[in-house]
Amino acid sequence: MSPADRLFLDAVRSLDEALMRLDGMLGRVADWPEDRLAALLSSRLAPDMFTFAQQVRTAVQFALRIALPLADQPLPEPPSATPDLDDLRRRIAAARGALDLPDVAFEGAATRRYRERAGFADLDLTAGDFLIRFGLPNFWFHLTTAYALLRAAGAEVGKADIDGLHDYPPGFSF
């Protein structure tokens, strides 16, 4: 495998880790009362933005929209959405399963072109641009927005839940 192809494989592995951490954050609110959970699922940072539930669904879908084309695999049709936490966690589990791809699937990823739709724009991108300029920014935008909504709703989440590296004492924030 070329060093460039290895970079794409490593990027996909990082998406899987991020989805694992997202599922962990959702697990922290699983025992919330139904009304509080419903408020979280329908919360938004601004009236014209996606709800929390849609932010999570979109982050999960972007992980697949990045990984599967890089591995030269077709995208599955997303399942119908249901407005509950279990649906979000099932989506994460299914996406993590789909991301469990053999290393060989990424051979040649760096040499392909990727055609994608971004809003109303039709994109034709090199592999590097597809990953760095389109896929990863969109994935992290939706995941971070979901994190912000969790935090605003009172979930005990922190920076370590995003990158898996930071460590702070209980109650620390900035």
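Throughout this description, Ala, Val, Leu, Ile, Met, Phe, Trp, Tyr, Cys and Pro count as nonpolar, Asp, Glu, Lys and Arg as charged, and the others, Gly among them, as polar. The structure is a predicted model, in which local features need pLDDT of at least 70 and side-chain atom pairs count only at pLDDT 80 or more, whereas totals for chains, interfaces and linings use all residues. Residues are numbered from 1 along each chain as its sequence is written, and side-chain values use heavy atoms, with hydrogens and water left out.

A pocket is here an open set of points on a 1 Å grid over the protein atoms alone, where a 1.4 Å probe fits, with protein on both sides within 12 Å along at least five of seven lines, and lining residues have an atom within 4 Å of a point. Its volume is the space filled by probe spheres set on the points, which are joined across faces, edges and corners.

The second largest pocket has a volume of about 230 Å³, and of its 16 lining residues Q61, L64, P78, P79 and R91 lie nearest the centre. Two or more residues of this lining come from each of α3 (52–70) and α4 (85–98). Nine nonpolar, three polar and four charged residues make up the lining of the second largest pocket.

Helices (DSSP runs of H or I, at least four residues) and strands (runs of E, at least two) are numbered from the N terminus. The axes of α1 (residues 3–27) and α5 (residues 127–152) come within 12 Å and cross at roughly 10°, so that the two helices are roughly parallel to each other, a term covering angles under 35 degrees. Their contact (heavy atoms within 4.5 Å) includes F8, L15 and M25 of α1 and L131, W140 and Y147 of α5, and its residues divide into 15 nonpolar, one polar and one charged.

Strands β1 (residues 113–118) and β2 (residues 121–126) run antiparallel and are joined by six bridges, where pairing requires at least two bridges found by DSSP. Across this pair, E116 stands opposite L123 and A118 opposite A121. Two residues lie between the strands of the hairpin, in which G119 takes a positive phi near 65°.

Methods. Axes fitted to C-alpha atoms, helices over the stretch in contact; angles between N-to-C directions. Parallel < 35°, antiparallel > 145°, perpendicular 65-115°, else oblique.
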